[in-house]
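Subject: Model handover and findings

Hello,

Here is the structure we talked about passing on. My notes follow below it; please read them with the model open.

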Amino acid sequence: LAFGLQRIALENGLTQAELFEYVFDDTVLALSFVLNIALAGITILGIAYLGRNLTDPRAKMIAISLMLISVVSISSYSGLASGLTLSVIEMPSGHPAEGTMTAGEDGVLTMWGRYLTWTFSTPFILIALGMIAGSNWTKILTTVAFTIAMCVTGLAAALTTSSLVMRWWWFVISSIFFLVIVYVILVDWTAEAEATGTGDLFNTLKLLTVVGWFGYPILWALGVEGFAILDVAITSWGYSVLDIITKYIVTFVAMFYVIKEPDAITGGAEYGSSRPGFA
Ligand code: RET
């Protein structure tokens, strides 16, 4: 994978400096990156401040998981803004964006760094959610494995240039993995949160997460990678707005609750409580 990405990064006609310049020539596009760098930074500092008095190990683990979402995010958006994780990629024959030119090169601007870094950020969202629901590690790690699989196959969909059918085939596989996660959240974790006593908080987080996460494949399909109905800057803003909902808003909603009621999120004994006998 690393070699493949390196080849893509090096072999497209544009240099990193040209990509950097291209992004910052388009103020609207550049702002979609810069805003998220700022919000991720504020979120990291906010969690450090809000969580400074936490003592319960489970509550601390949730806070750290929430912080790591933004740690990955600030790196991800820095990669995009610097041009490091962007490429101009030629679409296969039959694709609606076939023959598009970007900065004098054949191809469309592909932000493949997004799909790559979701691999590292989405697991922390699911760890935090699963722990808030009071779930067990089998289920939490199942969703972690499936989100990694979803993001890597999503990356494959974006980078496949050989055939239009194969691009959409990757999209289908990725979507099936996504549905496994949605199932665990809506069925298992909803019931577990009820039993653990975090049902109210979990329902809010569930709504933000499930609705927000469905936005990503929809945007992929409507954007330049899919049917090319939306242009690059709009697609990028779409992802940036979804990220604000699924990362920073989810983080602060969860964090305020965790510091207010650390006892409530410790869960029952059979749900992996950090306090033996607490049910
Ligand atoms: C792709 C395209 C292939 C099909 C599916 C997708 C889903 C992506 C999702 C991303 C969520 C990202 C988050 C990032 C926050 O850091 C890869 C777009 C199903 C659900 C929450």
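In H6, the buried residues are Ile140, Thr143, Phe146, Thr147, Met150, Cys151, Thr153, Gly154, Leu155, Ala157 and Ala158. Buried means 20 or more other C-beta atoms within 10 Å of a residue's own; exposed means 12 or fewer; partly exposed lies in between; C-beta atoms are placed from the backbone. Helices (H or I, at least four residues) and strands (E, at least two) are DSSP runs, numbered from the N terminus. The buried residues of H6 pack against strand E4 (108–110), H5 and H7. Contact here means C-beta atoms, placed from the backbone, within 7 Å. The 23 residues of H6 should span 33 Å at 1.5 Å a residue, and the end C-alpha atoms are 33 Å apart, which agrees. The expected span is 1.5 Å times one less than the number of residues.

Two notes on conventions. This is a predicted model: local features need pLDDT of at least 70, side-chain atom pairs count only at pLDDT 80 or more, and totals for chains, interfaces and linings use all residues. Residues are numbered from 1 along each chain as its sequence is written.

H8 next. Its buried residues are Leu201, Phe202, Leu205, Lys206, Thr209, Trp213, Tyr216, Leu219 and Trp220. H5, H7 and H9 are among the elements that cover them. The 24 residues of H8 should span 34 Å at 1.5 Å a residue; the end C-alpha atoms are 34 Å apart, which agrees.

The whole chain

The chain has nine helices and four strands. Along the sequence the pattern reads α-α-α-α-β-β-β-β-α-α-α-α-α. The C-alpha trace spans about 65 × 35 × 30 Å along its principal axes. A compact globule of 279 residues would have a radius of gyration near 19 Å; the chain has 20 Å, which agrees. That radius is taken over C-alpha atoms, and the globule rule is 2.2 Å times the number of residues to the power 0.38. Of the 279 residues, 43% count as buried. Take the contacts between residues at least 6 apart in sequence: 74% of them join residues at least 24 apart.

The cores

A nonpolar core is a set of buried Ala, Val, Leu, Ile, Met, Phe, Trp, Tyr and Cys residues joined through C-beta atoms within 7 Å. The largest has 66 residues. Ile62, Leu66, Ala128, Leu129, Ile132 and Ala254 have the most contacts inside it. H5 gives the most to this core, with 13 residues. A second, separate core has five residues, including Tyr216, Leu219, Trp220 and Tyr239.

Leaving out residues up to four places away in sequence, Ile62 touches Ala128, Met131, Ile132, Ala254, Val258 and Ile265. Ala128 is in helix H5. With 26 other C-beta atoms within 10 Å, Ala128 is buried. With the same exclusion, Ala128 touches Ile62, Ser65, Leu66 and Ala254. Ala128 and Ala254 are 126 residues apart along the chain, yet their C-alpha atoms are separated by 8.5 Å.

The ligand

There are 19 residues around the ligand, and Ser121, Gly154, Ser174, Tyr216 and Pro217 come nearest. A residue counts as near if its C-beta atom, placed from the backbone, lies within 6 Å. H5 (112–133), H6 (137–159), H7 (164–196), H8 (199–222) and H9 (232–260) each supply at least two residues of the shell. By class, the shell has ten nonpolar, seven polar and two charged residues. Ala, Val, Leu, Ile, Met, Phe, Trp, Tyr, Cys and Pro count as nonpolar; Asp, Glu, Lys and Arg as charged; the others, Gly among them, as polar.

Loops to look at

Most residues other than glycine have a negative phi. Ala103 has a positive phi of about 50 degrees although it is not a glycine. Ala103 lies in the loop between strand E2 (101–102) and strand E3 (105–106). Ala103 is partly exposed, with 14 other C-beta atoms within 10 Å. Ala228 also has a positive phi, about 55 degrees, and is not a glycine. Ala228 sits in the loop between H8 and H9. Ala228 is partly exposed, with 18 other C-beta atoms within 10 Å.

Last, Asp56. This residue is in the loop between helix H3 (27–50) and helix H4 (57–81). Asp56 counts as partly exposed, with 17 C-beta neighbours inside 10 Å.

Best wishes

Technical notes
Contact = placed C-beta atoms within 7 Å.
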